[in-house]
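Please look over the sequence and the structure first.

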Amino acid sequence: PLLLDARAATAAAPVLAGPGAPTPAAEAAGHAAAVLGGARARILLRSLTLPGWGQATLGHRGSALFFGLTETAVWGTFTAFRIQMAMREDAFLRTARLLAGIDLNGRDEEWRRIVGGFASSDEYNLLVVARDAANLYYDDPEAYRAYIDSLSLTGADSWCWASPEAQARYSSQRKAAQRAEQRANTVLAVAVVNRIASAVHAARVAGRPQRAPRSWWFEAVPGVGDDLLAVQFRVRARF
């Protein structure tokens, strides 16, 4: 009998793990963490791709709507600024063509700045090209003339503003186009911030238990008492 009792006790006793072996509870927790980490990564990538997508997958419709509407507003604003920039750019290019006699389509930003900064190409040649030639070749007349001939703006590269007001108008239109471009770039930065915020929020709520949705309903029950026609109306809410 003693032998049987010892065997029964041995069979009923839990199996003890070694000092380095993980317990079944730890293994289950590690597996759950791995699964949760993978799920969080997928939710995070979805929100990075389209803000609010991860929240919608988790059933958080309020936050999904917030990030989605923010993304829509961001791209709508960006499109508006880009259209504004294109219209203002077309305006100052037309001003330069009509009031200064130079076509700036395809010219770089430095060209456009120079045209707005000088009343004419002759003034630019005198104040910039001739000055640089004098500083570089003040003791070499032939090199001085060759420098001026090679860098002076003539022909299709020449311009002359009809009036100081026309030049000021061009500069104002060009600055307005630059401001519209800067605002568009700022909106792009906001789009990046919105994606990061959506991804971080989705990763945080991925591991939380989802709250039961709020609900309201009305009910009518028979009243308490001798009056058989009595009815009680109740309003119930679930939070």
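Ser-152 sits in the loop between α7 and α8, in a model that is predicted. Helices (H or I, at least four residues) and strands (E, at least two) are DSSP runs, numbered from the N terminus. At a relative accessibility of 21%, Ser-152 is partly exposed; buried means under 20% relative accessible area, exposed over 50%, and partly exposed in between (1.4 Å probe, protein chains only).

**Ser-152 and Asn-125**
- Apart from neighbours within four places in sequence, Ser-152 is in contact with Asn-125 and Val-129, where contact means heavy atoms within 4.5 Å.
- Between Ser-152 and Leu-126 there are 26 residues of separation in sequence and 8.8 Å in space, C-alpha to C-alpha.
- Asn-125 belongs to helix α6 and counts as buried, at 12% relative accessibility.
- Residues up to four places away in sequence not counted, Asn-125 touches Ala-130, Ser-152 and Leu-153.

**Basis of the model**
- Residues are numbered from 1 along each chain as its sequence is written, and side-chain values use heavy atoms, with hydrogens and water left out.
- In this predicted model, local features need pLDDT of at least 70 and side-chain atom pairs count only at pLDDT 80 or more, while totals for chains, interfaces and linings use all residues.

**The chain as a whole**
- The protein chain has eight helices and two strands.
- Read from the N terminus, its elements follow the order α-α-α-α-α-α-α-α-β-β.
- Of the 239 residues in the protein chain, 26% are buried.
- Among contacts in the protein chain with a separation of 6 or more, 61% are between residues 24 or more positions apart.
- The protein chain exposes about 16,400 Å², and 61% of this comes from carbon and sulfur atoms; accessible areas come from the Shrake-Rupley method with a 1.4 Å probe, and for residues only the protein chains shown count as cover.

**Helices α6 and α7**
- Helix α6 (residues 121–136) packs with helix α7 (residues 141–151) at an angle of about 150 degrees, and their axes are 9 Å apart.
- Axes are lines fitted to C-alpha atoms, for helices over the stretch in contact, and angles run from 0 to 180 degrees between N-to-C directions.
- The angle makes α6 roughly antiparallel to α7; angles under 35 degrees count as roughly parallel, over 145 as roughly antiparallel, 65 to 115 as roughly perpendicular and the rest as oblique.
- The crossing of α6 past α7 is right-handed: a crossing is left-handed if the near helix is turned anticlockwise from the far one by less than a right angle, and right-handed if clockwise.
- On the α6 side, Val-129, Ala-130, Asp-132, Ala-133, Ala-134 and Leu-136 meet Tyr-144, Tyr-147, Ile-148 and Leu-151 of α7.
- The contact of α6 with α7 has nine nonpolar, no polar and one charged residues; Ala, Val, Leu, Ile, Met, Phe, Trp, Tyr, Cys and Pro count as nonpolar, Asp, Glu, Lys and Arg as charged, and the others, Gly among them, as polar.

**Helices α4 and α8**
- Helix α4 (residues 61–99) and helix α8 (residues 164–206) have axes that come within 8 Å and cross at roughly 165 degrees.
- This makes α4 roughly antiparallel to α8.
- The crossing of α4 past α8 is left-handed.
- In the contact of α4 with α8 there are 21 nonpolar, nine polar and nine charged residues.
- Thr-95 lies in helix α4 and is buried, with a relative accessible area of 5%.
- Beyond its neighbours within four places in sequence, Thr-95 contacts Ala-100, Trp-161, Ala-166, Arg-169, Tyr-170 and Gln-173.

**Helix α5**
- The axes of helix α5 (residues 109–117) and α8 come within 9 Å and cross at roughly 145 degrees, in a left-handed crossing.
- Glu-109, Arg-112, Arg-113, Val-115, Gly-116 and Gly-117 in α5 meet a set in α8 made up of Gln-167, Tyr-170, Ser-171, Arg-174 and Gln-178.
- By class, the contact of α5 with α8 holds two nonpolar, five polar and four charged residues.
- The buried residues in α5 are Trp-111, Arg-112, Ile-114, Val-115 and Gly-116, and their cover includes α4, α6 and α8.
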